[in-house]
Amino acid sequence: MAKRILVADDNPLIRQMLCKLFEVEEDYDICAEAENGQQAIDLALKHRPDLIILDFAMPVLNGLEAARQLKKIMPDVPIILFTQHATGITLAKPEVNIDQVVSKGNPESLMGHVRSLAPA
């Protein structure tokens, strides 16, 4: 059974690009798309994804705030922060509740991180 991926980004073009990326992957399917951090939480509760990809700069709740709440609700679900601000975020800080940071400037590396965090 394919792993379910939730994508949250306020830019519809980024969401569309991510959906196209996962369309060609047999072992992964997009289960939901969110436009902001709060919608990501609501959809995660509804769809129970195997992995979540969050943008950092989103309205309502940013990616780090959404990740903090999501990890309280579903601590075993890996979260990737897919952002233009990747250089300023370190995973070593305890308040950073994400499993991986991937730069939007290096989108080709995203699938490798998805496969390592949610193996098919």
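Author: What follows goes from the strands to the helices. The model is predicted, so that local features need pLDDT of at least 70 and side-chain atom pairs count only at pLDDT 80 or more, while totals for chains, interfaces and linings use all residues. Residues are numbered from 1 along each chain as its sequence is written, and side-chain values use heavy atoms, with hydrogens and water left out.

Five strands form an open sheet in the order β2-β1-β3-β4-β5, with parallel pairing; strands (E, at least two residues) and helices (H or I, at least four) are DSSP runs numbered from the N terminus, and two strands pair if DSSP finds at least two bridges between them. At the edges lie β2 (28-34) and β5 (100-103), each of which pairs on one side only. Between β3 (residues 51-54) and β4 (residues 79-83), which run parallel, there are three bridges, and Leu54 stands opposite Leu81 in β4.

Helix α1 (residues 12-23) packs on the sheet, touching β1 (3-8), β2, β3 and β4, where contact means heavy atoms within 4.5 Å; the direction of α1 makes about 165 degrees with that of β2, angles running from 0 to 180 degrees between N-to-C directions, with axes fitted as lines to C-alpha atoms, for helices over the stretch in contact. Helix α4 (residues 110-117) also packs on the sheet, touching β1, β2, β3, β4 and β5, and its direction makes about 170 degrees with that of β4.

The axes of α2 (residues 37-47) and α3 (residues 63-73) come within 9 Å and cross at roughly 20 degrees. In this contact, Gly37, Ala40, Ile41, Ala44 and Leu45 of α2 meet Ala66, Gln69, Leu70 and Ile73 of α3.
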